[in-house]
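Dear colleague,

I am passing on the structure below, and would be grateful if you could look through it alongside the notes that follow.

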Amino acid sequence: MNQISLTRAQRVLIIVSIALALVVGSVAFLTHVYTEWLWYRSLGQQQVYTTRLLTAVGLFVAFAALVAVIIAISGFVALKLRPAAKNSQHPVGLSQLTIVLAVALAAGVVIGSGASDQVNTFLSWRNQQPFGTVDPYFGKDFGFYIFTLPWWQLVLGYLMTALVVGGIVAVVIHAINGSQENPPIKVRAGQGIGTFTPEFSLSNPLTKASQGQLSITIALILVVYGVQRLLSRYGFATSDNDALFTGVGYTDDHSRITAALVVAVISFICAAVFVLNAVLRRWPVAVSAIALLVVSSLIVSTVYPAIVQRFSVKPDEPIVEASYITQHIAATRQAYGIDDVEITSYSAETNVSAGQLRADAEALPGIRLMDPEVIAPAFEQLQQVRGYYSFPTVLDVDRYRIDGQMTDAIIAAREIDMASIPDQSWNNLHTVYTHGYAMVAAYGNRRQASGEPAWIVGDIPPTGALAEHQARIYFGERTTEYAIVGAPDDAAPVELDTPGGGTEGAETRNTYAGNGGVAIGGLLNRLLFALKFTDLNLLLSDRVNDESVILFDRVPSARVAKIAPWLTIDQNPFPAIVDSRVVWIVDAYTTSAEYPNSQHVYLDSATPVNYIRNSVKATVDALDGTVTLYAWDETDPLLATWMQVFPDLVQPKSAISAELLQHLRYPQGIFQVQRQVLGRYHTQNPDTWYQQSDLWQVPSDPRSSNAGVKEPPYYLSIKWPGDDQPVFSQTAVYVPRDRENLGAYLAVVADASSPDYGRLRVLKLSDTQQIAGPGQTFNAITTDQTVADRLLPYTKQGSAQAIYGNLLTLPIGGGLIYVEPIYTQRKNESSSASGSYPVLRFVVVRFGEHIGIGDTLQEALDTVFKGDSGASTGEDKTTDPSDPVIPVEPTDPDSSSDAAVKALLAEAESFFKAADVALQAGDLAGYQTQLTAARERIAAALARLS
């Protein structure tokens, strides 16, 4: 082979390139580390970052060193064991040692990098807290499976990798250097700088010394493999047992667990054989031992369990697996927190009578008619104010005390929409449009006369019952860009605060006055953040001054995930006004996929879990970004473990203020998981579970054309049968498997201030009585002739469409009642540019087979219950101009003429507004009706003045 040589210039270029790459990489790494540390310090949690960083570095160094040392020793020993003649002719050179060292270091870096990502595994293992419960098969505390087993499996996996790579390196070195008893046949290349000089000879047996090294290496591999097999026995507690369930089953207990032990013992025996082979060099015996291991593994780990499964289990599976299914059901119910669910048989009444709802009168005013999935365009059109503000497409439900009463509210924060800023310049994106402004909330159970939401708080500046709050929103779900804020006291403000409200309607400007963010006034910090965001403007712009602060990583859920990466974050954070400040409330879960004998489910398409607790409630302040974590489930061992790691990170539950407690709620994420699991695990009978004869399914959302879209759970206040008062809850329904009739009704007390918070209750309907499910009810409503007739004036000309809101189910009147609001909106023009939005037009009620529709809930209920439901919803219908025909009432001749005229003109104004709403919705018939009514009021007023 020809020698490969490099010129001096080429060598210098290579050295300079490598040095430059190292410098750039080091600067990037140090910049990232320092700026991240500044972010954590701004929250007072730098110990979280330093603990995790030092742990990651320690894991990298430890495992990189372990792997590198094992491979290097194997390589150096192989070089040392070259034949004596070879060593005398060609001593081990620097280039060969360098190659071995390079391979060892490269493998170490790769393994160390992987190990550095296992910070959570290591920290939870080192600080684990016991569960206090042992599994029924091995007698191990559950913490062993969740904390200890994953760590040692990780260590053994990396150790096995190091030994295998070290063995391969040794074999290659022996082959290249011709470590044989007889003179090797060599193919040799030239020598020199930059030259690789291998010598190949594969025809003769290895030397005694090299055989000894390979034998010892194989023995070590077999020992590690044996230990892995011993630990694998515990893995059956979290394996998916023949696709029947997760956990130990009959075949595992009677064959696979024993097989793993047998294979481990055979591995240790084989390891001993190879240790002897290092001295005796009896390769036929050693190879036979390996063959024995392979064959025995196949027989005892694969063939024998398959025979047991096929001939002992399958013929009598429900009987044979009964005790294992019982353990599995108990573990699953405990792991998902559904072991205390209360299931009550419920014989639902379907007949109606006048006054039937009198006993449930207190629950009716709390029925939520405003659908947070439908009315978002109304928020956008009526409260957006400017195009650069925006609201989420699905709003949130919360509760506020208004006039002394707890009231369900539809809420949203008015945030800056970065994509809609008129001029996408750097100054606008990062220094001017820095924050949103104010909360917007509407009553959940009310509407205006026009059908629009009835506002609790709205407008800029805020007006209404909740107007007094810190309105600036620097941290929100849309704040994806970093912001540069802050300025000297004598500097003119540059941040857009409100689009109006100043003198002569001018925009108002603001300078950030919060405590959040990282100071960026110094040259070093400006340089580092310019590197972090690859943005030269941070160095060049005059908007960055000595008092400047940079706000970044501003999305609330991302801030919580960053400060506590051991938590799984709920995907539905929501804003609330607490102590006159806007805070984001974020629910967080501790989860594991290693809880013994509990069924795996998927939180998303790639995240299996079989244990979940809503252990932490978090808040993020919308002004300064402060993240506060509260221990909600203080009995959770996973939370206790992480509080041991970070003692000052999570505050006790007792630190939650009374006002914040009123806004905390049972999160949708865990409720949906529990709803899914409870569909099968409501039964504790192993035979029923196996046969799936009492399986409940979540019905499809009847409003969606996609059958795969399941009906969501709903937040609303309900009065449970037998309770004295209604309570804020989260509800869902089930249908029997492959059926559409109602099977069960599920509710959880969602009000965190209630002593019954988290109480899961189910009304199980009779199997002999069919109650219509959501799909059947929606079909009955949409095909009902009376409903069709009431909608006809709004849809007959094709300019408007009916939008069906959430189909709510409530247990009242001795049965189950369905309530569905119906909105109208201009057809095919749902974009924000069109100006159209849904308005609440009708409410439909179904009880049994009886359907009623009305302009109000009260009217619909009275229609169903023979003219008198027996309870009041609290709605005032007498001045509701959404009625299609409203005659002019005769006026008392003795009444004050001026007062009567004013009343008539006020009514006329109300009808004109309703006419405008109807016109926007494309409702020409409604427009004419409202306009006629308004003109009648004006004519009546003129008549009184004549």
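Phe236 is in contact (heavy atoms within 4.5 Å) with Gly247, Val248, Asp252, Arg256 and Ile257, once its neighbours within four places in sequence are left aside. The residue lies in the loop between α7 (208-235) and β1 (240-241), where helices (H or I, at least four residues) and strands (E, at least two) are DSSP runs numbered from the N terminus. Phe236 counts as buried because its relative accessibility is 17%, the term buried meaning under 20% relative accessible area, with exposed over 50% and partly exposed in between (1.4 Å probe, protein chains only). Its C-alpha atom and that of Thr246, ten residues apart along the chain, are separated by 8.5 Å.

Please bear in mind that this is a predicted model, in which local features need pLDDT of at least 70 and side-chain atom pairs count only at pLDDT 80 or more, while totals for chains, interfaces and linings use all residues. Residues are numbered from 1 along each chain as its sequence is written, and side-chain values use heavy atoms, with hydrogens and water left out.

For the chain as a whole, there are 25 helices and 35 strands, and buried residues make up 51% of the 946 residues. Among contacts between residues at least 6 apart in sequence, 67% join residues at least 24 apart.

Strand β10 (residues 453-458) pairs with β11 over two bridges in the antiparallel sense, and the bridge partner of Val457 in β11 is Gly464.

Not counting residues up to four places away in sequence, His469 touches Ala438, Met439, Val457, Pro462, Ile577, Ser580 and Val582.

A second open sheet, of three strands, has the order β13-β17-β16, again with antiparallel pairing. Its edges are β13 (483-485) and β16 (518-519), each with a single partner strand, so one side of each is left without a neighbour in the sheet. β13 is joined to strand β17 (residues 549-551) by three bridges, and Val485 stands opposite Val549 in β17.

Among the helices, the axes of α2 (residues 46-80) and α5 come within 10 Å and cross at roughly 100°; the two helices are therefore roughly perpendicular to each other, a description that covers 65 to 115 degrees, whereas angles under 35 count as roughly parallel, over 145 as roughly antiparallel and the rest as oblique. Arg52, Thr55, Ala56 and Leu59 in α2 meet Val119, Asn120, Phe122 and Leu123 in α5.

In helix α17 (residues 637-645), the buried residues are Pro637, Leu638, Leu639, Thr641, Trp642 and Val645. Their cover includes α5 (119-126), α6 (142-177), β20 (581-592), β23 (611-621) and β24 (627-631).

Notes. Pairing = 2+ DSSP bridges. Axes fitted to C-alpha atoms, helices over the stretch in contact; angles between N-to-C directions.
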